[in-house]
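Please look at the sequence and the 3D structure shown here, and then follow the paragraphs below, which walk through the surroundings of the ligand.

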Amino acid sequence: MFDTATVRALLELVRRGVVYEVKGVVSAGKEARVYWGKDFDRKDLAIKIYLTSSAEFRKGIHKYLRADPRFSGKVPTSTRKLYSLWARKEFSNYVKMFEAGVSVPRPIAVHENILVMEFIGTEGKPAPLLKDLELGLEELEEMFNHIVEDLKKMVLKARLVHGDLSEYNVMVWEGRHYIIDVSQAVSLDHPNALEYLRRDLVNLVKFFSKRGLPIPSPAELLSSIRLPD
Ligand SMILES: Nc1ncnc2c1ncn2[C@@H]1O[C@H](COP(=O)(O)OP(=O)(O)O)[C@@H](O)[C@H]1O
Ligand SMILES: [Mg+2]
């Protein structure tokens, strides 16, 4: 199931007392698998393991990393190292967002190509994604406002742009939304940051207006995000 290096990385997380066991697969994407696991207190964990095989993914990663001032000139050529860097980048994005008060799963640890975080859901069953929920107009409006608030915190406090924000990357659990999948998030000084922010806003507006919620246009939303002088 895992290649040798991934097994070694998992064992290191066990040795550090982070992971006690890996249980079922929650999601098998083309770039990463997310597993349900347990920590030593038998609390649920989400364990995201980057797969070290897809060449297309490798190309995609490069585009985001090369132009990011945080990584410029330090993008490794070895595939394994590239995936470790990508996992570390997702972890560090999660930490910055978490510390800025954005509703994301609590980041716990990262090692090599493995990221460990709080499990959103119960008993190995992940919380539903925003796209799969039937929400009333009032709930939709509340959800929209909360997500926009988070987006502002992300930009103004964490100084990051998600870059892949949509109803596919928001989980909803016990009435609360969680923004996930932040590996591609870039810092504000990335040359494409504005383009990615605009795209995120367009996705949000598309989803919520399709569900019948009257909301501002992406341009209006964008102008409501003001960086301090
Ligand atoms: N912290 C988490 N807790 C529970 N399930 C999660 C968590 N993070 C991700 N998942 C599940 O795994 C899926 C894929 O995770 P995501 O980070 O979006 O990776 P991908 O890059 O494969 O889209 C999500 O749609 C969600 O169902
Ligand atoms: Mg996703």
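In this predicted model, a backbone N or O atom of E118 lies 2.9 Å from a nitrogen atom of ligand 1, and a backbone N or O atom of I120 lies 2.8 Å from a nitrogen atom of ligand 1. An N or O atom in the side chain of N169 is 3.3 Å from an oxygen atom of ligand 1. Ligand 1 on its own exposes 550 Å², of which the protein buries 88% (areas by the Shrake-Rupley method with a 1.4 Å probe).

The shell around ligand 1 divides into 11 nonpolar, two polar and three charged residues, where Asp, Glu, Lys and Arg count as charged, Ala, Val, Leu, Ile, Met, Phe, Trp, Tyr, Cys and Pro as nonpolar, and the others, Gly among them, as polar. Because domain 1 (8-122) and domain 2 (126-224) both give residues to this shell, ligand 1 lies between them, with the domain bounds taken from an automatic or database assignment.

Residues are numbered from 1 along each chain as its sequence is written, and chains are lettered from A and ligands numbered from 1 in the order in which they are written. In this predicted model local features need pLDDT of at least 70, side-chain atom pairs count only at pLDDT 80 or more, and totals for chains, interfaces and linings use all residues, while side-chain values use heavy atoms, leaving out hydrogens and water.

Definitions and conventions: Polar contact = N/O pair within 3.5 Å; in protein donor to acceptor, adjacent residues only side chain to side chain.
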